[in-house]
Every structure is written in structure tokens, then in C-alpha cells.
Amino acid sequence: MHRGTGGVVRLGIDLDGVVADFNAGWMRLHADEHGTELTPELVTGWDDLHEVGGFRSMGEFWWWARGGDRRASIFRHLDPYPGAVETLDRLARSGHEVVILTSKPWWAIHDTYHWIADHALPTREVHMLDAKWEVDCDVYLDDSPKVLPTLARKRSSATVCRFVRAWNDPVEGAVDVHDWANFAAVVDDLAG
């Protein structure tokens with residue numbers, strides 16, 4: 001653990017589905033480009049976005065999401081969830097280290113850094129990787145049904161928090177959090 005004096009905690013924070021409202025963002029862009037009326041409640045699975053959006057495959061969904069000459073990728077069109085940035089700011093002001101751990105395709109790297117800057121996330125450390133467990137943190141916050149079990153298994157001495165979403169199930173060894181106030185309370189308890 002990195003907990004230092006004063007209960008400083010190193011926080012490994014996922015972006016999409018946790019800080020950034022990925023589904024509302026892509027659906028708003030989809031509505032602008034295709035005239036659809038989709039709502040985030042339609043997403044109940046991790047890999048079924050193409051079905052919700054009327055694409056033939058996830059590959060086709062990601063090709064559309066990539067953008068290109070006509071617009072930036074989907075990752076520049078997302079809004080933060082209510083309370084996300086404010087809670088991270090408060091935790092950082094309390095001395096905790098905010099470490100961004102996000103999985104991104106290569107074409108989203110620059111848009112992701114722009115998004116982090118646009119929303120002034122209080123971090124000095126950003127990792128774009130699939131194996132999030134490789135970055136040592138005291139607390140992890142994620143929503144991925146693929147990432148959470150690995151974090152819980154490989155970082156069993158850390159506190160792994162599952163941001164409860166329709167596309168994930170409880171994970172043994174993970175703490176369920178339902179909103180940003182709930183997450184802040186977990187961190188405050190750990191920090192003492």
C-alpha cells in the first residue's frame with residue numbers, strides 16, 4: 001500500500017462508464033448523425049452497443065466511433081457523470097493521488113488527453129492499458145466486467161470498487177459503489 005502520512009491513498013480511476021458517461025455521449029452523437037432517439041438504459045451488456053445503435057458488429061460501431069476528418073472521435077463527445085469531477089477534485093485536494101487507468105484504442109489517445117484537459121481532471125498520471133492491475137494503487141474504481149475480476153484477483157490487498165452498472169455483475173472481493181458520494185465515503189473510511 002502507498003498510504004502515507006495523513007492517510008493519503010493512491011486511487012486508480014477508470015474513465016469511460018465511471019467518470020465519463022460513454023453511453024449518453026455516443027447516443028447523443030448518434031442522434032445528431034442518424035436521427036435516433038436512444039437512451040443509456042438500453043445498454044445492458046458490455047459488447048452489445050452495436051445492436052443498440054443498429055450496427056452490424058462491434059467493429060462497425062468502433063469504426064463509426066473513431067470519427068476522422070469529419071469529427072473527433074467519440075471520446076471528445078462525452079460529458080462527465082454528475083459529481084465525478086467534483087469528487088475527484090475533493091479527493092485530490094485532500095492529498096490523495098488520482099491515477100487514470102483507461103483502456104483505449106490507439107486512435108483515441110489524443111482525444112482522451114484532450115478530454116482529461118477539457119474537464120481539468122486532477123491527475124498527474126495517466127495510463128492507457130488493458131492490464132490495469134499492472135499499475136499499483138490502493139483503491140481501484142472500474143465498471144468493466146472484464147477488468148474487475150482480474151483486479152480483484154491480482155490486487156487482493158487493494159480495495160477494488162465495482163461501479164455498479166447494468167452491464168456488470170457483483171465480483172467476489174470487490175466493493176460495490178453506486179455513485180460518486182458512495183465512492184468518496186469508501187476512500188474517506190480507508191484514509192481514516
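Modeller: What follows goes from the sheet to its salt bridges and then to the core. This is a predicted model: local features need pLDDT of at least 70, side-chain atom pairs count only at pLDDT 80 or more, and totals for chains, interfaces and linings use all residues. Residues are numbered from 1 along each chain as its sequence is written, and side-chain values use heavy atoms, with hydrogens and water left out.

The sheet is open and has 6 strands, in the order β3-β2-β1-β4-β5-β6. Its pairing is parallel. Strands here are DSSP runs of E, at least two residues, and helices are runs of H or I, at least four, numbered from the N terminus. Two strands pair if DSSP finds at least two bridges between them. From one strand to the next, the twist averages 25°.

Strand β1 (residues 10-13) is joined to β2 (residues 97-102) by 4 bridges. R10 faces E97 of β2. Helix α6 (residues 147-154) packs on the sheet and touches β4 (139-142) and β5 (159-163). Contact means heavy atoms within 4.5 Å. The direction of α6 makes about 165° with that of β5; axes are lines fitted to C-alpha atoms, for helices over the stretch in contact, and angles run from 0 to 180 degrees between N-to-C directions.

Now the charges. The whole structure holds 13 salt bridges, each a side-chain nitrogen of Lys or Arg within 4 Å of a carboxyl oxygen of Asp or Glu. D14 and K132 form one, at 2.9 Å, N to O. D14 sits in the loop between β1 and α1 (22-34), K132 in the loop between β3 and β4, 118 residues apart. K104 and D16 form another, at 2.2 Å, N to O. K104 lies in the loop between β2 and α5 (109-118) and D16 in the loop between β1 and α1, so this pair ties together parts 88 residues apart in sequence. K104 and D16 are buried too.

Last, the core. The largest nonpolar core has 45 residues, and I13, V19, W180 and F183 touch the most other members. Such a core is a set of buried Ala, Val, Leu, Ile, Met, Phe, Trp, Tyr and Cys residues joined through side-chain atoms within 4.5 Å. Helix α7 (residues 180-191) gives the largest share, 5 residues. Apart from this core lies another, of 14 residues, including V135 and L148.

Methods: Buried < 20%, exposed > 50% of the residue type's maximum accessible area, 1.4 Å probe, protein only.
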